[in-house]
Amino acid sequence: MISLYWNFRVRLAWGLVLLAVVAFAVMAPGFLSVSNVHALVQSFAALGVLAVGLSLTMIAGEFDLSIAGVVPLTALITIAVGQSTSLVVGVVLGLLVALAFGLLNGWLTARFSIPALAVTVGTMVLTTGLGHAVAGGEVVTLTDFGIGLSLDAPVAGILSIHSIVELGLVVAAVFVMARTWTGLTIYSVGSDPARSAASGLSVSRAMVTVFVASALFAGVAGALQGISLAAATPGADLDTVLQAATAVIVGGVALSGGKGKVLGAIAGAALLSVVGNGLSLIGTPTAVVQLANAAILLVVVVTDGTLTRLVRRGAENAATTLVPAPAATTPQGGSS
Amino acid sequence: MEETPRTLLAVSGVGKRFGGVQALDDVSIEFRAGEVHALLGENGAGKSTLVKIIAGVLEQDTGSVDSVGGATGDADDIAMVFQECSLIPTLSVRDNLVLALHRGGAILRRSTLEAAMRSALSRAGLDGLDLDVPVEVLPLAQQQLLEIARGLAADSRTLILDEPTATLSDVEIAKVHEVVRSLRDSGHAIVYITHRLAEVFALSDRITVMRSGRVVSSGRTSEFAMDSLVADMLGPEHRIPAPGAAPVGGGPAPDGPRLIVEGASIEHRLHGVSFEAPAGEVTAVFGQIGSGADDLVRALAGLVPLSSGIVRLGERTLTGFDRAGSQRHRVAYVSADRVVEGVFLTGDVVRNISSGALRRVSRGGVIRAAAERVLARDTATRVAFDPDRIHTQIGQLSGGNQQKIAIARALATEPVMLVLSEPTRGVDIGARAEIYAALRDLAATGVVVVVYSSDIVEIRELADRVLTLFRGCQVGDHRVDDTDDARILADILHGAAA
Amino acid sequence: MTAELGSPPTADTRTAPTRTPSTISRLRHALTDGAVIIRLVTVLIFVVASIAVPQFATGENFQTLLQSVALIGIAAVGLSLITIVGRLFSLSVSATIAISAILFAATLRWGPWTALLVSALFGLLSGAVQGVLVGRWRTDPIVTTIAFAAIMLGLGQLFTEGRNIRGDGDATVFGSTVLGIPGQVFAFLLATVVAWWLHRYTVRGRVLSLIGLNEKAALVSGLRSWPIVVLAFGVAGLFAGVAGGLLGAQSGQGNLGLGAAFGFDAITAVVVGGVSVKGGRGSPFDAAVGALLVGLLGNVLILAGLSYETQLIVKGVLVLGAVVLAGATALDPTTRRGGR
Amino acid sequence: AEPTAVGTAAGDDVRGKRVALLTVAQSCDYCALHTQQFRAVADAAGLDLQVIVNDFDAGEQAQQINQVIVTKPDAAVVWPADAAAIMPSLARLRAAGIPVIVTNAFPQSDDDSYWATYTGPDDVENGAQAARAMVEGLKERGKPLKGDVVVLIGVPGTPGTINRYEGFTRALAQLAPDIEVVGRQPGNWDQTEATSAAATLFTQFGGPDLIGMYSQADNMLAGAVLAAQRAGIDPKSLMLVGHNCSIEAYDALASGDQYATVLQSPIDDGDAAAKAVITLLRGQPQPKNVFIANPIITRDTVSRCDAAVGK
Ligand SMILES: Nc1ncnc2c1ncn2[C@@H]1O[C@H](COP(=O)(O)OP(=O)(O)OP(=O)(O)O)[C@@H](O)[C@H]1O
Ligand SMILES: Nc1ncnc2c1ncn2[C@@H]1O[C@H](COP(=O)(O)OP(=O)(O)OP(=O)(O)O)[C@@H](O)[C@H]1O
Ligand SMILES: [Mg+2]
Ligand SMILES: [Mg+2]
């Protein structure tokens, strides 16, 4: 019952993923075909890497809006520099800029105790502006899009270099958050920064770590997307951030910090990708897709609320009945 | 006999300012190995500020903290048990202990630490606690014990305990004392802050009394007597007020509704408790952790639903009301968990006090600011809080003063019944007497007062009557002046009602 | 009643000298409030722009500026209630605005005021339903409002098939001026003043803040959160509905893409204005100032003749600067992080 | 609108062939009409049509194309969400042996072997038409070909925006060298954003020298009309030229606030794409580029837009 409290949300999300997979496997012929699974993994990895990056900041009790600007900015730098010099230099430069913004976000948030949402509204506008500056009003393309094609070419049927890199980052994040001291400090700081500081943990280090990670994940996603599309467009990509945030919350990571698992965020991303892929395979009209998505989200939040309360009550009961319930012969009161 | 133990930690000339408040002023103290050093003083004297500086949580403005004989540096060799809980709420018990136990290395090996965790828990009296339960669902007293376990787990040479026993009942306190003594005997230095003066003489080797941020006296425990200690703490111009009005049995019972509880039960926690409490009396509910005593008062306040049973207040049936409903029927509640439920930490005193009494200070749904201020001043005075500080943010007050505001919040609603849980947690002896007087005065005006307390001294001073619980069952119902401590303790320890 | 307690308070007596807060200490206190800093920054930019940017300080430009922030401001002021009651944000503001604009256009043949009423009621209803879910069923506000945005847009698409809906009537009445103030700007001022007054002076406004500050402590005082959450979402929806109606009135048309950027702009206004995302602190007025500040920056930077990318870069730096300044000066020991 | 001749007469030769239409936002009027017309023609020809929509998101469209490749349709019709980023996807479609019709946005590539046929507007030419409309209007009103012009552009850095702007400025420089484009601001194809952008443009350049404005879309121009009125400028005193002849222009042209627009009919656009795919499936030859008509529309010729605005 009690360990359920910690894990049921992750299980709920994965349960829904499984349900969706089974449903589409029945409804949509070709859903489980190797090439469709490849397409599915491609979109899952792209969403997953952003969702996981974002989940780190959310576990730390903050939110990184700036990835809406960092993703296109990294893509633009990668492609613009890649076109004029070499792609490697482009990627490196793009990632360095992303990291710089991660550092800036983390440092400002921690140093001045400002909600990161406010900080990253600023850096989002800033990165979007830089994106436009890099583009300089021109269309930014990579004439040789062969590299992009090989990046996305199937590896072992369902994977690709593109998705392997992204999934690698995802796995690393799962490990760090579940098994390392850094992960534990991030949880702790997210749960209560003042108490964490009182226990001698460095709040600033945790903040910088999560924002650098988030920017790095966004940067990698942006650079890879740029290469694979052989083009990049300036402008803030808020829709993507919103989708990533939805995935994270559906997976049980709370915006209040300190709660949830990276595995849950991954499940959220998987759920959104599977449903998106399945519905479009069936040929569902967009309006219906939207309504179906809404229905799933509502099911998740409503079940979640109810289950959380039930399980929590169970945990409280278990915790308070350290002293076992009375034996059959109940002593009677009333002396005096 | 007269050899002075080695000094482990020396505080010299430490000063600290918070805005307009000089919290510490030129404080110098030495803490020695193998000694329990009690740090005493009224609320806001600067005790917590001092130990936070020692532990490195706060930075001093002036002066220095030196770890004298220590091979290692400062903060690493000092473990601290905070006054306000410092456990990380959403983390499990296990991870909270890992935070204290971890010794370098990037990868966590939770399983190898398991033995150390278990031993720390068991030393703090928490055998059998589920390691995977999130700390936030634990009852307050268990959190306090866990806090201590965390301090013990680190096994540092200096251990600072800031009011570790404020929410614990005597049984648990005894357990804590046992641990503290054994640590002292093995050569640790222990800094012990408490407002329970009885503890001081039972446990400490040395006492330092602080007032207004300064050290006023310091010496071996044997050099102090209870009277002088109190005088040192409160200063020459203060005296402990006389007990409040309406002593038991004296005078006619005031008018007011009677509280009638019949067969109150909560699944797994409380089994068929029945009693009556007349207006004008203070009824105490007493029991160990898990006895259901605190659940009972929470149920009376409408915070936990009863699974069966009836609660009536005069003509009205309160059963089935939630907190908002019972508040509307003028049942006020003071929570033991000050930080979480007791006060709005980021609000000022005025807003805190008026929060439950907005109807009284508003007309047509519009708040009258002047009325609100008057209410705040008046109520602050009733709990002995300086009415000139009503615009202060609660988070800047000392723990004891925060507790006074928590009580003021309830008083401001002009309740018919007042339910309190650990009403003087962390309140100094002077203010405590004033709060008792205020509560007794309130009772004298015809209010039913029900209090859950884990402090037998408090029950003696405050209550007319004590109801004892053991494992969810009512085992005794005594007039306070008709019984003795041994009897009450026997009740709650064994359920052995004679 | 408290005879023995008449004695002077025993504790913390050393603070006695600060009897009544002096003007200076009040000023110092004000300067530790992030929202006040933002107001000062706004005024400062205003003054600097008036001196340094040639076309800025003209009546027409002020009108232009106010009109460009009016609708966003209305939405932001409503949204701030949700933030203050501790439920973060609504992400369905854009969708509410789009559907309200469509409804406005669709019902314009019954007269502009009826149409505006329909838009407003739609917003109120949609907000209140979300409020019931978030408040009563304790669902996550972000996911709930994302879901509702999808429902509104999905249904909207089924009904309009993605087409533009053209109003059959005259909506110019909302383009006219009230007391010399353009209609939309008047609506913005009215919305701000009403929301600010309700928040500052009424019982419900106070309860809103208290619940945002600490829901558990509010419950101990007998304050139920869900009715207030429903209220906050309802009013936020109402304001978004009005903004949508007025937007529809501008062109007498509505479509699903109308006002798409408003939702995010409103969130920006709330955050930049200094309303705490943790709940309880800040007021609808701050959100209005936030909207004004962001609009002001946009206006000044264009007038200063900067290219689009430079505008964005400078705007980003200035927003960041304002936010950091507000955060750095705000001395809030209870929310301040220790950190070593 | 009525589906026109092509499909109906030709019998069942393409009936049941599977075609995927990868289009962009459903919540834009133009896109919706485009899809509507495409569907009408495709249905009449008995095609098995699958419509896949994204929200102008190039990344998502790339994923969608991956998926389409899985279903192996007989042909794909692609409206690029991003005319540059579409190239790898087109390459992938070619590698999978799926023939492609590109509609609406001309891919940003010199190698046109990746698609069978492009149908849709010629944006450079569209911009030039707008310049011609402006010059003609000035002549008609008897004004000198001299003064300042401002431009409301779509999303900066995207081909449609760049090409229309390029066509406009180039043609204007040729036709009326004394007219200067003094400022431009992005309205991001959004009416409300365009309103603010236009308002500041008027504040900045709204002097006696300002003679006209070109807006790359009519809905943005509707915002500009509003901004002009608010700024106390009579829209009729300016030469306002828009684009598309969408419903907003219909009203503004009638009232005289807007002088002209360049017709780009979503019906023609969708129609051309559908016919091209049918021709393709039949294996018949057709031109590499099919540009849709882009006549200048003024108050007198506004009825030509009836179909385009769904009247
Ligand atoms: N963060 C803070 N900001 C402003 N003032 C503070 C802060 N923390 C403490 N103070 C002030 O410093 C003084 C000392 O407080 P401290 O908490 O050390 O008292 P204490 O002796 O521990 O009292 P108690 O017994 O009530 O816990 C008090 O006047 C308090 O108001
Ligand atoms: N959400 C809530 N939950 C519980 N109590 C509430 C809530 N909102 C307001 N109240 C309580 O209702 C009381 C008055 O609110 P209300 O605005 O309804 O007053 P009113 O009906 O106008 O009364 P009067 O006319 O006497 O001023 C306050 O005491 C307040 O504590
Ligand atoms: Mg203290
Ligand atoms: Mg009232």
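Ground rules. Residues count from 1 along each chain as its sequence is written, chains are lettered from A and ligands numbered from 1 in the order in which they are written, and side-chain values use heavy atoms, with hydrogens and water left out. Because this is a predicted model, local features need pLDDT of at least 70 and side-chain atom pairs count only at pLDDT 80 or more, while totals for chains, interfaces and linings use all residues.

Let's start with chains C and D. On the chain C side, 33 residues are in contact with 30 residues of chain D. Contact here means heavy atoms within 4.5 Å. The two chains bury about 2600 Å² between them, and 48% of that is on carbon and sulfur atoms. Buried area is the accessible area, with a 1.4 Å probe, that two parts lose on being put together, summed over both.

Now the polar side. Ten residue pairs are in polar contact between chain C and chain D, both residues at pLDDT 80 or more. A polar contact is a pair of N or O atoms within 3.5 Å; within protein, one must be able to donate a hydrogen and the other to accept it, and residues adjacent in sequence count only if both atoms are side-chain atoms.

Which elements of chain C give two or more residues to this side? Helices H3 (59-84), H10 (225-251), H12 (284-303) and H13 (308-329) of chain C. Helices are DSSP runs of H or I, at least four residues, strands are runs of E, at least two, and both are numbered from the N terminus. H3(C) gives the most, with six residues. By class, the chain C side has ten nonpolar, 19 polar and four charged residues. For those classes, Ala, Val, Leu, Ile, Met, Phe, Trp, Tyr, Cys and Pro count as nonpolar, Asp, Glu, Lys and Arg as charged, and the others, Gly among them, as polar.

On to salt bridges. The cut-off is a side-chain nitrogen of Lys or Arg within 4 Å of a carboxyl oxygen of Asp or Glu. Over all chains, the whole structure has 37. Two of these salt bridges are between chain C and chain D. In one, D:Asp29 pairs with C:Arg163, closest N and O atoms 2.8 Å apart.

Other salt bridges lie within a chain. A:Arg195 and A:Asp192 meet at 3.4 Å, N to O. Are they buried or exposed? A:Arg195 is buried, at 15% relative accessible area, and A:Asp192 is buried too, at 18%. Buried means under 20% relative accessible area, exposed over 50%, partly exposed in between, with a 1.4 Å probe and protein chains only.

In chain B, B:Asp477 bridges to B:Arg465 at 3.0 Å. B:Asp477 lies in strand S21 (residues 473-479) and B:Arg465 in strand S20 (residues 465-470), so the pair ties together parts twelve residues apart in sequence. Both B:Asp477 and B:Arg465 are buried.

D:Asp123 meets D:Arg164 at 2.8 Å between the closest N and O atoms. D:Asp123 sits in helix H5 (residues 123-140) and D:Arg164 in helix H6 (residues 159-175), so this pair ties together parts 41 residues apart in sequence. D:Asp123 and D:Arg164 are both buried. Ligand 1 is surrounded by 23 residues, and the closest are B:Asn43, B:Ser48, B:Thr49, B:His195 and B:Gln396. The cut-off for surrounding residues is a heavy atom within 4 Å. These residues come from chains B and C, so the site is shared between chains. Oxygen atoms of ligand 1 lie 2.8 Å from a backbone N or O atom of B:Gly44, 3.2 Å from one of B:Ala45, and 2.5 Å from a polar side-chain atom of B:Thr49.

Ligand 2 lies between chains B and C. Its surroundings include B:Leu358, B:Arg363, C:Val203 and C:Ile228. A nitrogen atom of ligand 2 is 2.8 Å from a side-chain N or O atom of B:Arg328. An oxygen atom of ligand 2 is 2.8 Å from a polar backbone atom of B:Arg359. A polar side-chain atom of C:Arg204 also lies 2.8 Å from an oxygen atom of ligand 2.

Last, the asparagine. D:Asn66 lies in helix H3 (residues 58-71) of chain D. D:Asn66 counts as buried, at 11% relative accessibility. Leaving out residues up to four places away in sequence, D:Asn66 touches A:Ala39, A:Gln42 and D:Arg92.
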